[in-house]
Amino acid sequence: MSAPGSAAAGALEALAGRRQSLAVAESLTGGLVAGELTGVPGASRVVRGSVTAYATDVKRELLGVDGALLDARGAVDGEVARQMAAGVRRVLGADWGIATTGVAGPEPQDGQPVGTVYVAVQGPDGVGKARRLALAGDRDRIRRDSVQAVLALLLGELAENARAQDTEQHGGNGCLQP
């Protein structure tokens, strides 16, 4: 269960304050991100749901990840993660979508070494961002670090989105005009 000061709690608080919702698409984390989020009291105000898209065909058929992309690059790819975030956002009707895909081990996958992970987020503006991680440790450590990384990416994007909205509402660089 997440502590009140955790990244999950911070993200949920920020989203609740904006009256926005979140959906989660997971591959290598297999539900750990959703578990971290729903471990926070009051998560139901924000979390719409999650999809554990462990199999490649689920990524394609349920989340709408491009089949040609999956065939060309495999499931361990930044664009795949971005499309997973966009797809879960669309499928579950959320303002924000986050996603994880990668190799937790013990064997490499799709030509990618163990510890290669992509996390992604897509917000209401429709712009997605993916980040590549090179994680070390055993399977459990890689999965846990992936959870923290996707939540940190979400928090960063929420902060960036808030700054952009503030700039739009208050005109430019925040300096007073004479």
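When neighbours within four places in sequence are left aside, Thr 29 is in contact with Thr 100, Arg 143, Ser 146 and Val 147, a contact meaning heavy atoms within 4.5 Å. The structure is a predicted model, in which local features need pLDDT of at least 70 and side-chain atom pairs count only at pLDDT 80 or more, whereas totals for chains, interfaces and linings use all residues. Residues are numbered from 1 along each chain as its sequence is written, and side-chain values use heavy atoms, with hydrogens and water left out.

Thr 29 is placed in the loop between strand 1 (22-26) and helix 2 (32-38); helices (H or I, at least four residues) and strands (E, at least two) are DSSP runs, numbered from the N terminus. With a relative accessible area of 0%, Thr 29 is buried. The terms refer to relative accessible area with a 1.4 Å probe and protein chains only: buried is under 20%, exposed over 50%, and partly exposed in between. The side chain of Thr 29 also makes a polar contact of 2.6 Å with the side chain of Glu 26. A polar contact is a pair of N or O atoms within 3.5 Å; within protein, one must be able to donate a hydrogen and the other to accept it, and residues adjacent in sequence count only if both atoms are side-chain atoms.

The protein chain contains six helices and five strands, arranged from the N terminus on as α-β-α-β-α-α-α-β-β-β-α. Of its 178 residues, 48% count as buried. Among the contacts with a separation of 6 or more, 65% are made by residues 24 or more positions apart. The accessible surface of the protein chain amounts to about 8700 Å², with 49% belonging to carbon and sulfur atoms; areas come from the Shrake-Rupley method with a 1.4 Å probe, and for residues only the protein chains shown count as cover.

The largest nonpolar core comprises 32 residues, and those with the most contacts inside it are Leu 22, Val 33, Leu 37, Ile 98, Leu 151 and Leu 154. Such a core is a set of buried Ala, Val, Leu, Ile, Met, Phe, Trp, Tyr and Cys residues joined through side-chain atoms within 4.5 Å. Two or more residues are given to this core by each of helix 1 (7-18), strand 1, helix 2, strand 3 (96-102), strand 4 (116-122) and helix 6 (139-170). Helix 6 supplies the largest share, eight residues. Beyond four places in sequence, the contacts of Leu 22 include Leu 15, Leu 37, Val 46, Trp 96, Ile 98 and Leu 154. Apart from this core lies another, of 20 residues, among them Ala 25, Val 51, Ala 75 and Val 103.

Helix 1 has 12 residues and reaches 17 Å from its first C-alpha to its last, close to the 16 Å expected at 1.5 Å a residue, the expected span being 1.5 Å times one less than the number of residues. Its buried residues include Ala 7, Ala 11 and Leu 15. The C-alpha atoms of Ala 11 and Ala 159 are separated by 9.7 Å, although these residues are 148 residues apart along the chain. Ala 159 is found in helix 6 and is partly exposed, at 32% relative accessibility.

Helix 5 (residues 78-92) has 15 residues and should span 21 Å, which agrees with the 21 Å between its end C-alpha atoms. Asp 77 caps its N-terminal end, a side-chain oxygen lying 2.9 Å from the backbone nitrogen of Glu 79. Buried residues of helix 5 include Val 80, Met 84 and Val 88. Just after helix 5, Gly 93 takes a positive phi of about 65 degrees.

Most residues other than glycine have a negative phi, and most peptide bonds are trans. Arg 19, in the loop between helix 1 and strand 1, has a positive phi near 60 degrees and is exposed at 79% relative accessibility. Asp 110, in the loop between strand 3 and strand 4, has a positive phi of about 50 degrees and is partly exposed, with a relative accessible area of 40%. Pro 106 is found in the loop between strand 3 and strand 4; a cis peptide bond joins Gly 105 and Pro 106, with omega about 20 degrees.

The mean pLDDT of the protein chain is 92, and 89% of its residues reach 70 or more; pLDDT is the predictor's confidence in each residue, from 0 to 100. Over residues 173-178 pLDDT stays under 50, and the model has zero contacts beyond four places in sequence for these residues. Where pLDDT is low, the predicted coordinates should not be read in detail.
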